[in-house]
Amino acid sequence: MFLTILGISMVTVFTYLIMSKRLSPIVALTLVPIVFAGVGGFGSKIGTMMMEGIKLVAPSAALLLFAILFFGIMIDTGLFDPLIKKLLEVVKGDPVKISMGTTILALLVALDGDGTTTYIITVSAMYPLYKRIGMNPLVLATVAMLALSVMSGMTPWGGPATRAIAVLGLDATEFFVPLIPTMIGGALWVIFVAFILGTKERKRLGVIHIEEFKNEIAATVENEATETFPHIDIKRPRFLWVNLLIVVGIMVMLMGLVPSPILFLVGFAIALMVNYPNLEMQKRRILAHSGNALIVVLLVFAAGVFAGIFSGTKMVDAIANGLVAIIPASLGQFFPVIVGITSMPFTFVLSNDAYYFGVLPILAEAASAYGISPLEIARASILGQPAHLMSPLVASTILLVGMVDKDLGEYKKFAYKRAILTSLILTELAIISGAISFM
């Protein structure tokens, strides 16, 4: 009972401190468990437990570091620029094509796992066109958010999956490969949602003929790209196909042929050497992305400290046993589905840090009592990301709403039904594909 109370108190204090912004997630993840482990009488073992936790998350930290650097280089080279220009030429003034084109662009850019990058590139490229023909910018915001929730939510270098993998000490490839059918199905679903929204806009506006504005649109894209990437000399259009081949090769080999951290390290090194053979330029590109990469890696190692102490003190076991005791045995077989559905409200009212580092270990330990693998619980936990990305706790959401010149209330009112439905669709796809079990 003492460990149960101690563990719940630790999670509560941790959640309060990061939700109220009293402490940063990195500081809270490190210091809060140390304090509670000391209170619980585990002072002599704290160092050992922290090291065990750090060892557990080290592969995930390496994966994140090299994946962020790899995709950062790909964006620097302008790999997606031709796609943006082509999309603008193809969609012209048809709201359906514009909406679907926006979604395809967001799905591709979201592969880097970063919401801020996805929104900046997608909105910068498409918003001028929305304004030109009078389309509702909330369509742009919604399909971009749904695309991000599918791609960044499920890829092992995206924020939610990274936290789940790190805190449960899972193998990234084992986590991700069974989710690929769900991710593909989810992407097709988001494109379908874009089609529906675009059809409504077409009924309202009709098809606008803007052939005469083609050059103006192309210039707008170039200007937006210049604003997004001020150092235009970093573009490498002559290596477009080489870079595309590198990305495709990385995606194919993610199927388990090579360990993910090694794969992205080699991919990053090749991309850097091919695109920026000058050593000074290589240094600049690494420094340009090292800030984001360092913050994420520090977060993962801090999560390892939290997970190491949480597990080493047996607090997580005590809480899980208590949770199992109050769940009817008949519902135990549905635990992955329960986690998938409850991840919607949990991740909306909690930050990803609070949910994945504080709640998920408890759910995983409880599920083990019913013979359910932590891999299934980790996969289920990311299915509520569409709902999470409507939360005001998400910094990139505030950025998105501001970029389309709308307030958060308008955005939530427009997007919430589609976000919830998308989470339910993802859950159903995960069950059908076997990523999570239903019984």
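**Aromatic pairs, helix packing and the nonpolar core**

Trp189 is buried, with a relative accessible area of 18%. This value comes from a predicted model. The cut-off for burial is under 20%, so Trp189 falls on the buried side of it. Phe192 is partly exposed, at a relative accessible area of 42%. Both residues belong to helix α10 and stand three residues apart, about one turn of the helix.

A pair of aromatic rings is described by the distance of the centres and the angle of the planes. Six aromatic pairs were counted. Among them, Trp189 and Phe192 form a tilted pair, with 5.8 Å from centre to centre and 40° between the planes. Tyr355 and Tyr356 also pair. Their ring centres lie 4.9 Å apart and their planes meet at 80°, so this pair is edge-to-face. Tyr355 is buried, with 0% relative accessibility. Tyr356 is likewise buried, with a relative accessible area of 0%. Phe14, Phe306 and Phe310 make up one aromatic cluster.

Helix α10 (residues 180–205) packs with helix α7 (residues 137–154). The angle is about 180°, and the axes are 9 Å apart. The two helices are therefore roughly antiparallel to each other. On the α7 side, the contact is made by Val139, Thr142, Val143, Leu146, Ala147, Val150, Met151 and Met154. On the α10 side, Thr182, Met183, Gly186, Ala187, Val190, Val193, Ala194, Leu197 and Glu201 take part. By class, the contact residues comprise 13 nonpolar, three polar and one charged.

The largest nonpolar core contains 140 residues. Phe70, Met145, Phe175, Phe264, Phe310, Ile377 and Tyr411 have the most contacts inside it. Helix α3 (residues 46–76) gives the most to this core, with 16 residues.

Residues up to four places away in sequence were not counted.

Ile18 lies in helix α1 (residues 2–19). Ile18 is buried, with a relative accessible area of 10%. Eleven residues separate Ile18 from Leu29 in sequence. In space, the two are 9.3 Å apart, C-alpha to C-alpha.

Methods:
Residues numbered from 1 in each chain as written. Predicted model: local features only at pLDDT ≥ 70, side-chain atom pairs only at ≥ 80, totals over all residues. Heavy atoms only, no water. Axes fitted to C-alpha atoms, helices over the stretch in contact; angles between N-to-C directions. Helix = DSSP H or I, 4+ residues; strand = E, 2+ residues; numbered from the N terminus. Parallel < 35°, antiparallel > 145°, perpendicular 65-115°, else oblique. Contact = heavy atoms within 4.5 Å. Nonpolar A, V, L, I, M, F, W, Y, C, P; charged D, E, K, R; others polar. Core = buried A, V, L, I, M, F, W, Y, C linked by side-chain atoms within 4.5 Å. Buried < 20%, exposed > 50% of the residue type's maximum accessible area, 1.4 Å probe, protein only. Phe/Tyr/Trp six-rings, centres within 6.5 Å; stacked < 30°, edge-to-face > 60°.
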